[in-house]
Amino acid sequence: MTLLNGHDSGASGEESLQRVRNLPGYTTPIFNGKDEQRAKVKVDVTTKGFIPRELVENEVDWFYFQLGIDDTYFQNESPSVISDHIIALFGAKIVAFTKHDFNKLVIDLEKIDENGNGATFIHTSLPGLTSTEGPGATCESRIDSLYLDKSTPSECYRLETYRSIGSISATAAKQLRCYFITKCNFPSPPPPSTRTDGRTDIRTVSDTAFLERASPHTLRVYQKIMWQAESRYGPVIEVYEVEGTRERRLFIGYKMGGTSRFFSALSHLYHFYQLYSARKYVEQFSNGITIISLDLNPMPNSTAAPIEHSIFQVMKEASLLYCLPDNPFFRDSVNSGHAVQEATYAYCGCVFAQHFCNRLGPAYHHLRNILDESNPSHAEVLNDIKRRFREETFTRDSIAQVIHAHSEIVRCQFCSIRLLYVNFAMVHYPAADQTSRLRPTLSYQRLHTTQPLSDSELHDKIRRAVPNKQDLQVLESFLIFNKHVLKTNFYQPTKVALSFRLAPNFLPLGEYPTPLFGMFLVIGNEFRGFHIRFRDVARGGIRIVMSRNEENYGINKRMLFDENYGLAATQSLKNKDIPEGGAKGTILPSLGAPPRRCFEKYIDAIIDLLIPSHSSGTKERMVDLYGKPELLFFGPDEGTADMMDWAALHARDRGAETWWKTFTTGKSAELLGGVPHDTYGMTSLSIRQYVLGIYKQFALRETDITKVQTGGPDGDLGSNEILLSSDKTVAVIDGSGVLADPVGINRKELVRLAKLRLPVSHFDKTKLTKDGYLVKIEEQDVKLPSGEVVLDGNDFRNGAHFRFKADLFVPCGGRPEAVNVSNVAALTDTEGKPHFKYIVEGANLFFTQQARLHLEKRRVVVFKDSSANKGGVTSSSLEVLAGLALTTQEYLDLMVFKDGKPSDFYRNYVKDIQAKIAENSAAEFHCIWQEHARLQGAKPRTQISDELSIMLNDLHTKLEHSELFKDIPSRKGVMRRAIPNTLVQQVGLDVLLERLPEPYQRALFSSWVSSHFIYRYGVNSSTIDFFHFARDLSRE
């Protein structure tokens, strides 16, 4: 919200609202052909014969002169259309007369241009009231969906709407509300700019009709709002006082596509405060900016707060509506009595309850203790019960019913939701700034009219007032939500989604055995998302979870947090020997929502909670119960690989000058100095160390090894696996199909595809032997050399990894849990012999844990994903380190390409990263192999890998809080080894220790010490071993 001085009226510079003279913001059009048109209309009405001839003149004159319809209408419509409208109005009067109630006089006129050039809507309307039935109930929402929500600079519409001056009849107080929608006409080429400062000249991006009608002052106001909206991701909200009146003009500017159904939601908002609009405008501009203008007045004999106060509430709550215009708890405000803030709180609490009410309970945990989760059949039963508990206990509809049942303020003296909101707001409503000119909002005043209760008093009151146990559990979840919110952007003046930093200690340990360090919940109009991390310094990718249909969306919504927790836990196992612990973010778009827009809103909302700065109009001081700066490190994941650059640059634009470089990894190398995993084969290097380790331990020659690979030459892992290997690859399965040759696929042709990043469908089939074949997913009825007929190429591809046999299987792509407890038996033949001797799991979660253990029981050598493919996370970790260690200028000079070429520093740093990956991977392979040998195979390598990760993470945590870090010689000795030499030489160790944040230094120190100690001495090491190890840390 931006409240500035600078009075156009020439008033003194006192602290007040901006003022404008009491003049129209737009010139009123004068239709010179109105009399001539009226004569034609009379003839047309008479000819049509529906109105008695002697009444025609009075009806037409009354329509033209008494209703007070703007000349825009008469200028835009033909005599035939106007005559139809007059006849329709006359007919509506007749119907009302027969019902003996002129208050039921309803008029609904509309004309939608068949060619998409615009529309006209006219309907009866009572000022200051939201219609719940009739045409007024749906008109504005239809305008939103038909003309405003899908606006783009190349196709958008401007809207003018006003209320008629006169009533529709002498016996009815209703007026007509007229809407005129016209397609924007932007001149091509645009007129030349008059500005020399590089800023947008509004005249060069405006619709011609807007320029003709807007007053000079309106142009100046719109120009200022446009500049702010261009530089801001959220909305710009300003208000002007009209001199000599109580009218307030509200302006809201934002980027096209930033919200939906916003125009109609605003009507609900100002009606709630008993305000009505005389005129409203929606102006669209070819630079992608939308500006809404509302002329607001108080209702006569209003019982609400004066407009001088309520306008501040409208401004503040408009930013919440921008985030959640479709909030059902406010859309139903006519019945519920919710203000926007209370309704928004109810919606957020509802989302929280959906995820955290569906707990499994003691019966499930008792059953889990009885059953053996390592037994595939037992595990399947437990998973089925868990899924059903999640689906059937609390649904979105049942939670919403509870909220509605306990929120009827008007008819219910006790209101649980209202008291819960007060409990939330008394903590998080920001204290008034003495320098602020913003008066206390009505929500703040309302807080002091409701007696606040302590948590225990509130819980006791809810418990006594809500006898239904299920209802009580839902309301208790709201109280849990309140108690665990540490900070939120809920009361920030400009935002695009709502974000909450939560203390995660409410999660039951029985279901989430590893405690979280931090949790963010983000709620937008078209998505919801989480970000969780297991340590203060943590890193992980941001994944967009897409839904195929409504049923799939419902499943994803129920399981979103559990999926997020599982992904972050897996990331923790993988991040065992780097400073950052495991973290993960998930975003669930609604069906049809643009994924990128959801990602951008998610990022912006989290940044709201990370930047401490105070900026009038964009960021106010927030209540921060956490009280410490937080650093989050995001990486690419499914659906977000091409969005990392935007997130980093957006963080910089938002003022994150010290950490924008580290906010995301996976940035483009040339533009932002990222270190792309695929270009330098980072993930494949770690996989490769495990493959080479197997060859060495079994004295195998690579050229004799047969291999099956999922993930083709078009992908990161698949292409680099081909380029780094020299085995006999007998099958490659990717998104385009299945390529197989029992004597080995032509390697030269495979390398060609890998270098070009082309899928197997581009393989030159002349390079196949007589028994080789290529089956593409779109093909049907393909006859293989064996005589077998493939009916459907897609189905064949989906199960192809079960049909081949080879020495080595390296999954480099494929869906999670492709091999699970229900199908793992297909990887053995009829005699129980496994199809593969060795498996190195390159793709994340390709095998479930039960499937891995099943294969290891059959003596397959399995190295799981969290050990084998950690090269990518190591690379990203060192990318973060460079961002933290270098100043912005150093980073731009050393990490960002010049003329498309990397600096010598960049080249050498990449080599250091590759060496670290190879070193860590080889060390972990050796540690797992030695422990398996020591136990004589009694414990599966899969289990050893997990226990090793847990041991490393536990030791890491202990070391972070130990006195060892405070020993300066030891700290410097470790840092000198842990930080790549190229960086140490460039910056200097002492300078690095000054620049790196202490939490990061502790994490870096602890990760290096824990990993190098365990890898050297093994998982069975003793305290004596650690004493000897620690004694040498300070040595050069």
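User: Hi! How do β24 and β25 pair?
Analyst: Strand β24 (residues 836–840) and β25 pair in the parallel sense, over 3 bridges. Helices (H or I, at least four residues) and strands (E, at least two) are DSSP runs, numbered from the N terminus. Two strands pair if DSSP finds at least two bridges between them. Bear in mind that this is a predicted model, where local features need pLDDT of at least 70, side-chain atom pairs count only at pLDDT 80 or more, and totals for chains, interfaces and linings use all residues. Residues are numbered from 1 along each chain as its sequence is written, and side-chain values use heavy atoms, with hydrogens and water left out.

User: Good to know. Which residue is the bridge partner of Y838 in β25?
Analyst: That is V861.

User: And what order do the strands of that sheet have?
Analyst: The order is β20-β19-β18-β17-β23-β24-β25, in an open sheet of 7 strands with mixed pairing. At the edges stand β20 (773–776) and β25 (861–863), each with a single partner strand, so one side of each has no neighbour in the sheet. The twist averages 15° from one strand to the next; angles run from 0 to 180 degrees between N-to-C directions, with axes as lines fitted to C-alpha atoms, for helices over the stretch in contact.

User: What about the sheet with β10 in it, what's the order there?
Analyst: That open sheet of 7 strands runs β10-β11-β12-β13-β15-β14-β16, again with mixed pairing. Its edge strands are β10 (485–488) and β16 (633–636), each pairing on one side only. Neighbouring strands are turned by 20° against each other on average, direction ignored.

User: How do β14 and β16 pair?
Analyst: In the parallel sense, over 4 bridges. I542 has P636 in β16 as its bridge partner.

User: Which strands does α19 touch on that sheet?
Analyst: Helix α19 (residues 469–484) touches β10, β11 (498–502) and β12 (518–524), and its direction makes about 70° with that of β10. Contact here means heavy atoms within 4.5 Å. Helix α32 also packs on the sheet, touching β14 and β16, with its direction at about 115° to that of β14.

User: Okay, helices now. At what angle do α18 and α19 pack?
Analyst: At about 170°, with their axes 10 Å apart; α18 covers residues 455–465. That makes α18 roughly antiparallel to α19. As for the cut-offs, angles under 35 degrees count as roughly parallel, over 145 as roughly antiparallel, 65 to 115 as roughly perpendicular and the rest as oblique.

User: Which residues make that contact?
Analyst: D455, L458, H459, I462 and R463 come from α18, and L472, L475, E476, L479 and K483 from α19. They divide into 5 nonpolar, 1 polar and 4 charged. By class, Ala, Val, Leu, Ile, Met, Phe, Trp, Tyr, Cys and Pro are nonpolar, Asp, Glu, Lys and Arg are charged, and the others, Gly among them, are polar.

User: And how do α2 and α4 cross?
Analyst: The axes of α2 (residues 53–66) and α4 (residues 79–98) cross at roughly 105° and come within 11 Å. So α2 is roughly perpendicular to α4. L55, E59, V60, W62, F63 and Y64 in α2 meet I82, H85, I86, L89, F90 and K93 in α4. The classes here are 9 nonpolar, 1 polar and 2 charged.

User: Last one: where is the cis bond to P189?
Analyst: The cis peptide bond runs from S188 to P189, with omega near 0°. P189 sits in the loop between β5 (172–183) and α6 (208–213).
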